Amino acid sequence: MKNLFIAGGTSGMGKGLAIHYLRQGSRVTVTGSNRLRGKEFLDEAASLGAANRASFIRADLLSLSENRRVIQEVQARHESIDGLVLTAMQQFPKRKLTLDGFESTFALYYISRFILSYGLTDLLEKGKNPVIVSIGGTGMTKGEIHWDDLNLQNKYGLLKATLQGGRANDLLGVAYAENNKNAKTRFILNHPGYTNSGTNHLAQPFKSIMRIMGKLFAQPVDKSIQPIIKLMDHPPSQPLIAWDRTKAVDLSLSTLNKLDAMKLYQLTKHLL
């Protein structure tokens, strides 16, 4: 039986993976910010006969203290975990700071994942063949880290913030692998491609636009998660694994630069 924790597991790909592994007999804890979607997840788990193997933690992962509370709750529920899946993501059309003073896209796409990855490492190391899976845009080279303006005070844009978050997520995986070369845990960066993961996190008019785009062009969640499941169940042996849909990504890409990864790690390690 696998023990999994999925951040962002009440909708989209996170929920798809959670339900898949519940069907496989695994024990799965998910977190999300919406209590109703959490209840829907638990109800679906119960319909599968997996009520005793499914747990929901309501939390706002934009908050540093909430991420730390989630770690404590996962530690209380699991003696070990075999997989940490990081899917929580939200787009902000207008610049928004968290209560801790971080630009919100950066906080959710990078800082939350940073804290959860390192904070749950001890539990992962007790697991069997453990992996961290971080869903993002790995393989893409657009966007950059704005080293002198991580909070994007100057000329904020939704796309600019999202691309910076994606590049920071890539560097998180690189730095984690560098910092844990002799560990059991492998870090998997995955770009699933355009997936119809729902629009609950979007405001109008973006919600209507993306709903139409999703129906016309996006692949369904069940299809997008299949390559991820294969990687989780049979991960390659190297510390860092990067895939764009069904193909391995060249680890020498500029977006996976080790010096940049360690620079970003040094800027954020105090959060641990």
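Visitor: In which helix does Ser117 lie?

Guide: Ser117 lies in helix H4; helices (H or I, at least four residues) and strands (E, at least two) are DSSP runs, numbered from the N terminus. This is a predicted model, in which local features need pLDDT of at least 70 and side-chain atom pairs count only at pLDDT 80 or more, whereas totals for chains, interfaces and linings use all residues. Residues are numbered from 1 along each chain as its sequence is written, and side-chain values use heavy atoms, with hydrogens and water left out.

Visitor: Why is Ser117 called buried?

Guide: Buried means under 20% relative accessible area, exposed over 50%, and partly exposed in between (1.4 Å probe, protein chains only). Ser117 has a relative accessible area of 0%, and is therefore buried.

Visitor: What does the side chain of Ser117 reach at 2.7 Å, and with which residues is Ser117 in contact?

Guide: The side chain reaches the backbone oxygen of Arg113. Leaving aside neighbours within four places in sequence, Ser117 is in contact (heavy atoms within 4.5 Å) with Leu84, Leu86, Ile132, Leu172, Tyr176 and Phe187.

Visitor: What makes the protein as compact as a globular protein of that length?

Guide: The protein has nine helices and eight strands. Its radius of gyration is 17 Å, close to the 19 Å that the globule rule gives for 272 residues, so the protein is as compact as a globular protein of that length. The radius is taken over C-alpha atoms, and the rule is 2.2 Å times the number of residues to the power 0.38.

Technical notes
Polar contact = N/O pair within 3.5 Å; in protein donor to acceptor, adjacent residues only side chain to side chain.
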